[in-house]
Amino acid sequence: MASNSHLLWDILIILLKIAVVLGIVLLHAAYTVYAERKIIGRMQARLGPTEVGPYGLLQPIADLIKLLFKEDIIPIEAHKFIFQIAPLLVLVFAITNLSVIPFHPSFSIADVNLGVLVILAFAGLGTYGIILAGYSSGSKYSLLGGLRSAAQILSYEIPLGLSLAGVILYAESFRIQDIVEAQAKSLIGMNALPQILGFIVFLICAFAETNRAPFDLPEAESELVAGYITEYSGFRMGIFFLGEYISMYVMSLLISLCYLGGWTLPIWLTSLLPFLKVLPPTLILIIKVYLFIFLFIWVRATFPRYRFDQLMSMSWKVLIPAALLNFIWIALLKWRLLT
Amino acid sequence: MIERAIALLIFTTLFFIFTLFTFFFRHLVYQFLCILVLMVLQGILYLYLNAEFLAAIQVIVYAGAILVMFLFTLFLFPEEDLRDVKGDFRSLRYTSFLPVALFIFLFLWELIRGIPESYLPQKIYFDLREMASLLFNEYWIILFILAFILSFPMVALYVFFKEERENGNS
């Protein structure tokens with residue numbers, strides 16, 4: 001009886017954690033759309049949304065209501081079942097990634113030993129949503145978008161994994177909390193500087209994995225109408241966007257945790273600016289994540305889209321060798337530290 | 001413990017169901033989706049053997065990368081070639097009768113015989129490793145025949161494509 005109540009209590013705590021994380025992340029995702037429109041508007045000398053609510057702050061809610069009440073169209077040529085589940089695959093796997101990410105030294109939904117690998121696994125599965133959406137729509141634009149997505153994700157998963165291998169080797173653990181602790185104990189306080197090559201490779205791959213500009217070839221509007229989401233409308237299209245924005249947060253969290261020291265600040269920085277010591281760990285992490293979200297938006301407003309052959313050459317000819325070099329460098333550094 | 005056993009039962013049942021679905025679907029993309037689910041389920045079964053690393057690699061490499069290449073290849077086919085895979089079942093039906101009958105007979109025989117006393121029921125039902133050692137030590141003939149029967153889908157695919165190629169040539 002006692003063990004049953006213990007189990008129920010554990011389940012209740014986990015459900016509460018899930019509710020807190022989901023609530024915060026979904027709200028963030030909705031307002032990232034607003035922030036993106038405002039920031040890109042300012043970069044292009046426009047105002048962005050201004051009409052709904054003060055400073056257009058209620059625009060995400062208006063967009064959500066519009067998407068929910070729009071007609072859900074399924075083309076005759078579409079594979080109905082796959083067409084319906086594809087957006088859910090994208091969203092579910094993006095959200096599941098959040099379950100292994102620690103937001104505080106003592107707060108994560110699941111404390112998994114192989115946290116980094118679990119994120120890579122779910123990120124790999126999430127791409128099936130995009131690929132299958134492209135196939136099931138029964139449109140050649142969507143199919144081309146799906147094909148592009150398959151090739152892009154396959155090519156960029158390798159350098160992404162290889163760059164993370166350097167981080168794992170340095171921390172000697174797959175657990176994200178251990179990776180953060182290893183950075184906090186190091187002299188520089190973050191992996192981004194000693195592993196600058198790996199950091200740049202990971203950053204570029206994060207853009208490609210989330211299908212963000214300049215790697216948004218699967219949904220290139222000037223070539224493929226809207227790529228894999230051409231035939232989607234209403235709330236299913238909204239789910240795709242939600243999945244994309246949550247993936248952006250997952251990647252930003254992962255970069256912050258694996259390369260920028262997560263919720264810790266380097267010792268040299270806190271000794272230079274002692275008032276930073278009072279900042280709560282979660283706030284430090286959130287600030288780092290916001291920096292990367294801003295970078296995602298900034299890059300979208302600045303860089304033109306790559307050609308597909310350029311995209312492929314960059315992965316196979318530049319990023320993979322660079323990630324391998326980074327891995328060898330970290331192995332040497334580790335060997336030097338040990339001897 | 002009991003919730004682990006129930007979950008294992010559900011996953012293994014799903015494993016068998018999706019194996020059968022792989023064979024019975026008449027569309028290559030749907031068959032592919034079943035294989036994808038099987039790869040993920042295989043990863044979950046590795047977790048029951050406390051092989052977490054292998055489980056993660058199974059999903060990243062097989063489900064996440066190799067199957068994407070499979071799907072990429074399928075997309076290059078015209079839609080008509082993907083659906084309604086045709087072929088001659090007759091030869092397969094005749095050759096499969098004997099092993100299936102033998103499997104059913106041995107399965108019923110072992111059910112009557114029961115599990116040997118050296119295996120504790122609690123260990124068998126709650127520990128996947130113990131269950132595996134029981135299956136491979138005591139019921140290896142049935143497993144061998146089952147594996148033989150489960151290789152039929154591969155033979156069937158060969159028959160389908162051979163038929164199609166011959167029809168295409170004529």
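Biologist: By class, which residues make up the lining of the second largest pocket?

Modeller: Its lining has 23 nonpolar, two polar and 12 charged residues. Please keep in mind that this is a predicted model.

Biologist: How much space lies in that second largest pocket, and how do I read such a number?

Modeller: Here is the general idea: rolling a probe the size of a water molecule over the atoms shows where empty space is left. In this structure, about 1,200 Å³ of space lies in the second largest pocket.

Biologist: Which residues lie nearest the centre of the second largest pocket?

Modeller: Look for Val33(A), Leu67(A), Phe241(A), Leu242(A) and Tyr245(A), out of the 37 residues that line the pocket. Three helices of chain A give two or more residues each to this lining: α1 (2-43), α2 (59-69) and α9 (234-259).

Biologist: Now for cavities. How many of 30 Å³ or more are there?

Modeller: The count is two. The largest cavity has a volume of about 270 Å³, and 20 residues line it. Those nearest its centre are Val90(A), Glu209(A), Thr210(A), Gly243(A) and Ser247(A). Elements giving two or more residues to the lining of this cavity are α3 (80-97), α4 (115-136) and α9 of chain A.

Biologist: What is the lining of the largest cavity like by class?

Modeller: There you will find 11 nonpolar, seven polar and two charged residues.

Biologist: Let us turn to the two chains. How much area do chain B and chain A bury between them?

Modeller: The size of an interface is often given as the accessible area lost when the parts come together. For chain B and chain A that comes to about 2,000 Å², with 83% of it on carbon and sulfur atoms. In chain B, the residues that lose the most area to chain A are Ile60(B), Val68(B) and Phe75(B), which together make up 30% of what that side buries.

Biologist: Which elements give two or more residues to the side of chain B that touches chain A?

Modeller: They are α2 (28-48), α3 (52-75) and α4 (79-82) of chain B. Of the elements, α3(B) gives the most, with 14 residues. By class, that side has 19 nonpolar, two polar and three charged residues. Overall, the contact takes 24 residues from chain B and 20 residues from chain A.

How values were computed:
Residues are numbered from 1 along each chain as its sequence is written. Chains are lettered from A and ligands numbered from 1 in the order in which they are written. This is a predicted model: local features need pLDDT of at least 70, side-chain atom pairs count only at pLDDT 80 or more; totals for chains, interfaces and linings use all residues. Side-chain values use heavy atoms; hydrogens and water are left out. On a 1 Å grid over the protein atoms alone, a cavity is a set of points where a 1.4 Å probe fits but cannot get out, and a pocket is an open set with protein on both sides within 12 Å along at least five of seven lines; lining residues have an atom within 4 Å of a point. Grid points are joined across faces, edges and corners, and a volume is the space filled by probe spheres set on the points. Helices (H or I, at least four residues) and strands (E, at least two) are DSSP runs, numbered from the N terminus. Ala, Val, Leu, Ile, Met, Phe, Trp, Tyr, Cys and Pro count as nonpolar, Asp, Glu, Lys and Arg as charged, and the others, Gly among them, as polar. Contact means heavy atoms within 4.5 Å. Buried area is the accessible area (1.4 Å probe) that two parts lose on being put together, summed over both.
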